[in-house]
Every structure is written in C-alpha cells, then in structure tokens.
Amino acid sequence: VLGKSLRAGLTTSCGCAQRDAVIRRNKTHGQHGTKEYRVWKHIKGRCFCITDAAYQNYGGRGIGMWPAWVDDFEAFLAGVGLCPSPDLTLDRIDNSRGYEPGNTRWAKRRVQNRNTRRNILVRVGENEMVLKDACSKLGLNYGTVADRVRRGYSAEDALYGRRSGITAGGSQD
C-alpha cells in the first residue's frame with residue numbers, strides 16, 4: 001500500500017486486514033481431514049455420483065442423504081455426532097432408508113455385518129434374528145443351514161432340517 005493512500009485515508013490497512021477477512025470468510029467447520037468429514041464425503045459419493053464404485057448399491061437403488069446434510073457438513077455432524085471410537089463406522093439402522101436423522105448410528109463392524117440386505121432374517125421363538133446368529137443360538141453349523149437356504153429351503157425349514165411341501169417319504173403334500 002502506498003503511504004500517501006494511508007495518510008489520505010483511502011485505505012486503512014497494509015493488506016493484512018483484507019487477507020484476514022478472506023480467511024475468516026472462507027473458513028468453514030475446520031473439520032477437513034477428520035473421520036467424520038471423510039464419512040460425509042464418501043456418503044455423498046456413493047449416493048450421488050454415478051461413477052462411484054458403490055453407487056449401484058446406494059444412489060442407484062434410491063438411497064440418499066437428508067437434504068439439509070448434503071451441502072452442509074456442520075448440519076451432518078450435528079445430526080450424527082462425533083465418532084466416539086476409532087473402531088466404529090456410520091451405519092444406517094434401516095437399510096431401506098437413507099442417511100437421515102434417526103436412521104444413523106456409529107456401530108462396530110460386527111453390528112454392521114448383521115445389518116445388510118444379504119442377511120437372512122429368521123424367527124427363533126419370539127425373536128427375529130440373522131440366520132448366522134440363529135445357528136449359533138441353536139448350535140447348528142451355519143454353512144449347512146445356509147446351503148439349505150441356497151437349495152430352496154425356507155430359512156425356518158433350513159434351521160430345523162425340514163423341506164417345505166415335501167414329506168419324509170419325498171412325496172409332495
């Protein structure tokens with residue numbers, strides 16, 4: 001800045017005030033590079049970017065993100081909270097719904113593995129559970145039971161070794 005500009009009152013700063021104003025204006029949440037920020041970016045990719053490798057399993061089947069979270073990381077962070085432990089990842093409680101308030105939680109990988117579309121849900125007594133957990137509870141070999149399901153048994157019949165519609169002699173009911 002020219003000295004005469006300062007003396008004449010045409011400028012009030014040497015340039016550092018403008019630089020500081022630009023920094024203040026452009027500073028957002030300060031969370032770039034955090035786990036939560038990376039999760040937010042990955043969710044947006046798989047929900048909205050057709051070239052993302054996971055798009056077909058998310059955006060391609062209608063899974064989206066709460067509109068207020070799409071362009072506002074701070075709103076997303078307020079909704080999901082900070083990740084309480086490094087071994088947790090963000091999970092959708094109901095896999096048929098998107099990333100939205102009330103449908104997300106920080107969960108361990110084991111919990112997430114029990115919460116996927118490929119899992120088979122069965123009823124054991126009064127409880128609905130994943131087939132693998134049912135096998136553990138009943139002391140059954142998961143591979144055997146899963147093979148029965150692949151061969152056409154209902155999940156419940158596979159657990160108990162029955163074939164729907166076929167009697168012990170092999171004839172149709």
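Ala134 is buried: its relative accessible area is 0%. The model is a predicted one. Ala134 belongs to helix H7. Buried here means under 20% relative accessible area.

What does Ala134 touch, once residues up to four places away in sequence are set aside? The partners are Val122, Val124, Met129 and Leu159. One of them, Leu159, sits 25 residues from Ala134 along the chain. The C-alpha atoms of Ala134 and Leu159 are 8.1 Å apart.

Ala158 is placed in helix H9, which covers residues 155-160. Is Ala158 buried or exposed? Ala158 counts as buried, because its relative accessibility is 0%.

Neighbours within four places in sequence aside, Ala158 contacts Val145, Arg148, Val149 and Tyr153. Ala158 and Leu131 are 27 residues apart along the chain. Their C-alpha atoms are separated by 9.7 Å.

## The H7–H8 crossing

Helix H7 spans residues 131-138, and helix H8 spans residues 142-150. Their axes come within 9 Å. The crossing angle is roughly 130°. H7 and H8 are therefore oblique to each other. The cut-offs behind that label: 65 to 115 degrees counts as roughly perpendicular, and over 145 as roughly antiparallel. The crossing of H7 past H8 is right-handed.

Which residues make the contact between H7 and H8? H7 supplies Leu131, Lys132 and Cys135. H8 supplies Tyr142, Val145, Ala146 and Val149. By class, the residues of this contact split into 6 nonpolar, no polar and 1 charged.

## Helix H3 and its surroundings

Helix H3 runs over residues 35-48, 14 residues in total. From first C-alpha to last, H3 reaches 20 Å. That is close to the 20 Å expected at 1.5 Å a residue.

Which residues of H3 are buried? They are Glu36, Tyr37, Val39, Trp40, Ile43, Lys44, Gly45, Arg46 and Cys47. The list includes Glu36, Lys44 and Arg46, which are of charged residue types.

## The H3–H5 contact

How do H3 and H5 meet? Their axes come within 10 Å and cross at roughly 110°. H3 and H5 are therefore roughly perpendicular to each other.

On the H3 side, the contact uses Glu36, Tyr37, Val39, Trp40 and Ile43. On the H5 side, it uses Phe73, Phe76 and Leu77. These residues divide into 7 nonpolar, no polar and 1 charged. Glu36, Tyr37, Val39, Trp40 and Ile43 are also on the list of buried H3 residues.

## The chain as a whole

The chain holds 9 helices and 4 strands. Along the sequence, the order is α-α-α-α-α-β-β-α-β-β-α-α-α.

How much of the chain is buried? Of its 173 residues, 28% count as buried. Take contacts between residues at least 6 apart in sequence: 36% of them join residues at least 24 apart.

Terms used
Residues are numbered from 1 along each chain as its sequence is written. This is a predicted model: local features need pLDDT of at least 70, side-chain atom pairs count only at pLDDT 80 or more; totals for chains, interfaces and linings use all residues. Side-chain values use heavy atoms; hydrogens and water are left out. Axes are lines fitted to C-alpha atoms, for helices over the stretch in contact, and angles run from 0 to 180 degrees between N-to-C directions. Helices (H or I, at least four residues) and strands (E, at least two) are DSSP runs, numbered from the N terminus. Angles under 35 degrees count as roughly parallel, over 145 as roughly antiparallel, 65 to 115 as roughly perpendicular and the rest as oblique. A crossing is left-handed if the near helix is turned anticlockwise from the far one by less than a right angle, and right-handed if clockwise. Contact means heavy atoms within 4.5 Å. The expected span of a helix is 1.5 Å times one less than its number of residues. Buried means under 20% relative accessible area, exposed over 50%, partly exposed in between (1.4 Å probe, protein chains only).
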